[in-house]
Structure formats: structure tokens, C-alpha cells
Amino acid sequence: MAALPVSVIVVSQGRPALLRRCLLGIHQLAYRPVELIVVADRNGLDRIADLSFAGRIKTRLETRQNISAARNLGIAMAGGEILAFVDDDAVPEPSWLTRLIAAFEDPDVMAAGGHVIGRNGISLQWGSRAVNGLAEEMALDLPGAGPVCPDLPEGYALKLQGTNFALRRKAIEQIGGFDEAFAFYLDDTDLAMRLHRAGLRSAAVPGALVHHGFAPSSRRHRNRAPRSLAQIGASMAVYLRKHGQADRVVPRLNAFRKQQRDRLDRFLLRGDLEPGDLGRLRKDLEDGIAAGMTRQPGQTLIPTVGDGTFLTLREEPAPQAVYMAGRWFQARRLLAEAAQKAGKGGTVTVFLFAPSLRAHRVAFSETGVWVQAGGLFGRSDRGQAFAQAWGFRGRVRAETERCRPHRG
């Protein structure tokens with residue numbers, strides 16, 4: 001099967017440094033052919049203008065804070081047969097597209113979604129899930145790492161996580177673009193449900209991994225406590241009106257209100273919110289729900305932007321992955337050397353071990369380097385025993401083998 005041309009679309013508002021880091025990760029993808037499309041605010045576009053590959057990125061200025069509208073603009077600019085989506089506060093593993101696009105070897109598959117790794121760079125944040133017309137979710141226990149189209153209960157669709165999914169262009173042409181009534185939240189879930197109700201197949205690909213960090217934004221603080229609940233409330237109301245049974249909308253909204261109030265209480269108990277924040281955020285939620293009850297949903301036609309040409313991001317084959325390792329006190333030298341290697345377009349992983357039991361963490365640096373740091377005797381998988389008996393060289397070999405399926 002000939003490799004399908006893929007357009008990777010990233011939208012960004014208010015996070016220029018994270019956008020730049022995300023694009024460095026995308027530039028390291030092993031898949032070919034791929035093009036990169038960025039729809040962002042002025043600060044974001046300025047921050048990526050000096051990247052060595054900036055001339056190979058399709059860009060578009062967007063000042064509206066509406067993720068669905070921005071994604072529709074990205075789709076309009078795309079020249080690929082497959083459209084893939086990653087959030088600006090996320091970074092894909094180099095194997096991400098290779099694994100995700102394998103699902104489309106089945107001509108009947110119209111969409112595919114992978115798994116999402118959380119802030120420590122190791123633990124699963126979101127696995128495969130199904131969702132129904134009331135936005136109720138259920139976890140799916142799927143075998144292996146490859147594509148699978150699971151059998152789901154009646155009324156459930158395979159959930160697509162907005163930071164890790166792809167779909168065929170002809171699927172969008174059939175069902176329409178992202179619904180711009182969803183300015184934030186449930187935009188991807190609405191799309192998944194529309195695909196399902198149109199009879200189009202979606203596949204889960206557990207081995208297609210994206211790292212996601214829950215970065216601060218205009219809607220949440222760094223500690224994940226909300227700044228605003230208006231758009232969440234509005235989107236839930238729109239989704240229930242659009243996909244839920246009419247007699248279940250009010251009970252489900254009441255359950256959603258309770259979930260959000262309980263969530264606020266937990267942030268308050270942890271000291272992440274002040275008592276005075278609660279009344280404001282509860283009113284914010286109610287105002288959003290009220291707005292969503294009158295907001296008109298509908299699939300937006302993709303605007304006409306660009307000429308549909310495909311702008312290849314990288315034509316040369318992916319370089320061989322590089323693994324480096326050292327003790328914690330060697331970090332400065334190793335990271336500087338790794339940054340130089342990554343600056344040439346390669347995928348570089350650095351292991352930094354201290355003589356301790358500290359659990360490992362993985363992060364993609366602003367210089368484009370994968371950094372795994374922790375105790376020589378600490379666990380790199382949260383399912384492992386708390387203490388590990390390792391020598392330095394044996395640990396390096398083990399961690400290299402653990403990373404090799406994703407980074408080459």
C-alpha cells in the first residue's frame with residue numbers, strides 16, 4: 001500500500017512556547033509524506049517563525065478563541081488525504097503517525113484515535129473509550145498496540161481525543177466540518193458521534209502515543225483548577241440538545257452540574273482555589289449552560305482557503321534514533337550535546353539516573369530532546385515494583401529497549 005499523504009493540523013491560542021515545542025516534536029515524526037499546518041494567534045506565529053523548517057509550514061492567523069473554527073481553517077488549507085490533529089500542549093512520539101495511519105490500510109476505516117500519555121510522560125492519561133449521546137463514557141480494554149475496531153454497545157461511538165486522532169478527508173466532506181457551536185470542549189466528541197451515526201467506522205490504535213501536559217490557558221490554571229467554566233457548560237448543553245434523548249437532557253445536565261461542583265470542592269480542599277472563587281465559577285457554569293441551551297448547532301462547511309497543494313515537511317528519510325545516558329551530575333553536558341544532535345533533525349533520548357528510588361519522568365524539552373530522569377533503582381512504569389535492582393549499564397539497555405518501539 002502506498003503511503004497516504006497526511007496533513008497534521010495544530011491550532012493554538014496563547015501558548016507560543018508550547019506551540020514551538022509541539023512543532024519540534026512533529027518535525028521528528030518518522031512518517032512520510034506529511035505536511036504541517038498551524039492555525040494560531042499572532043504571538044504563536046511569531047514564536048515559530050525562526051524554526052529551521054518554518055518555510056515548510058502552512059500557517060494561518062486566527063484570533064477567535066474557537067477551536068472548531070480554527071480546525072476548520074486548518075482542514076481548508078490541507079492537501080492530504082488523511083487529516084491528523086494534535087493539541088499545542090502535546091508532543092507525539094516519533095512513531096505516532098506510522099502507527100495511527102496503519103488503521104487506514106482498511107479502506108472502510110474513516111477515523112482512528114490513539115492513546116494519550118499524561119504529565120509524567122509515562123502513565124496513561126486517556127486510553128480507548130466509548131461515548132454515548134449523553135456524553136457518558138466507558139473505558140475499553142483492547143488487546144495489543146495495533147488498530148482494532150471494537151464492538152460497542154448500542155448508542156455508543158468510539159471516542160476521539162482531540163489531541164490524538166486522524167480521519168479521512170472524504171469523511172469530513174460527507175459529514176461536514178467541526179461544529180463551531182463547540183468553541184471548546186466536546187468538539188471532538190461531537191465529531192465522533194456524527195461519524196458513528198453516519199455509519200462510518202472508527203478504529204482505536206493503542207500504540208499510537210501522544211504526550212499531553214494539561215498546560216495553563218485562559219480556561220485553567222497551571223494546577224488544572226478552572227479559571228472559567230462557561231465554555232464547558234455551553235458545550236455540554238449543545239451536545240445534549242444535539243445528541244441526547246429529549247427526556248434525558250435535564251437530568252444529565254443536573255448530573256453534570258454536580259460533577260463540576262464536586263470538582264470545584266476538591267480544588268478548594270487542596271488549596272488550588274480560594275473560597276471566593278466558588279460562587280463566581282458556579283455562576284460561570286450556569287451562564288454557559290444557559291448560553292448553550294440557545295446556541296444553534298450545525299456542521300460548518302469548510303471554508304475555501306489555499307489551493308489544496310501538499311507542502312511536504314521533510315523529504316529525507318527519518319534519521320536513526322540516538323540514545324544517550326549518564327549520571328545526574330552529567331546532565332548539563334549531555335543535554336547540550338543532545339540539543340545539538342536534535343537540532344540537526346534527529347530523535348535523541350537522554351537517560352539521566354541518580355542513585356535513588358525516585359520514579360522516572362519523561363519530558364520533551366524545548367530544544368527537541370526526549371529526557372527521561374529518575375532514580376537508577378526507581379520504576380519507569382507505574383506497574384513495576386517500587387524498587388528495582390539495576391546496574392547502570394543494564395538499566396540503560398532496559399530503558400532503551402522500552403523506548404525503541406516508539407522512537408526507533
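A residue is called buried when its relative accessible area is under 20%, exposed when it is over 50%, and partly exposed in between, as judged with a 1.4 Å probe and with protein chains only. Helices (H or I, at least four residues) and strands (E, at least two) are DSSP runs, numbered from the N terminus. The structure is a predicted model, in which local features need pLDDT of at least 70 and side-chain atom pairs count only at pLDDT 80 or more, while totals for chains, interfaces and linings use all residues. Residues are numbered from 1 along each chain as its sequence is written, and side-chain values use heavy atoms, with hydrogens and water left out.

Helix 6, which spans residues 187-197, is mostly covered, since nine of its eleven residues are buried. The buried residues of helix 6 are Asp187, Asp188, Thr189, Asp190, Leu191, Ala192, Met193, Arg194 and Leu195. Within helix 6, Asp190 and Arg194 are four residues apart and are therefore separated by about one helical turn. In general, an α-helix has 3.6 residues a turn, so residues three or four places apart point the same way. Asp190 forms a salt bridge with Arg194, where the closest N and O atoms are 3.0 Å apart; a salt bridge is here a side-chain nitrogen of Lys or Arg within 4 Å of a carboxyl oxygen of Asp or Glu. Both Asp190 and Arg194 are buried.

The structure holds 28 salt bridges. One of them joins the side chains of Glu81 and Arg168, with an N to O distance of 4.0 Å. This pair links distant parts of the chain, 87 residues apart, with Glu81 in the loop between helix 3 (67-77) and strand 4 (82-85) and Arg168 in strand 11 (residues 165-168). Salt bridges that share partners, moreover, join Asp179, Asp190, Arg194 and Lys242 into one network.

Most residues other than glycine have a negative phi, and most peptide bonds are trans. Leu186, which is not a glycine, has a positive phi of about 70°. The residue Leu186 is placed in the loop between helix 5 (169-175) and helix 6, and Leu186 is buried, with a relative accessible area of 6%. Just after helix 6, Gly199 takes a positive phi of about 80°. In Ala135, another residue other than glycine, phi is positive and near 65°. Ala135 lies in the loop between strand 8 (129-131) and strand 9 (137-139), and Ala135 counts as buried at 12% relative accessibility. A cis peptide bond, with omega at about 0°, joins Arg32 and Pro33, and Pro33 has its place in the loop between helix 1 (16-27) and strand 2 (34-40).

The cysteines were examined for disulfides, a disulfide being a pair of cysteine sulfur atoms within 2.5 Å, and the structure holds zero of them. The sulfur of Cys22 is 20 Å from the closest cysteine sulfur, that of Cys403, and this is too far for a bond. Cys22 is buried, with a relative accessible area of 0%, and Cys403 is likewise buried, at 4%.

Arg361 is found in strand 15 (residues 361-364) and counts as partly exposed at 45% relative accessibility. Gly343 is found in helix 10 (residues 331-343) and is exposed, with a relative accessible area of 57%. The C-alpha atoms of Gly343 and Lys258 are separated by 49 Å, although the two residues are 85 residues apart along the chain.
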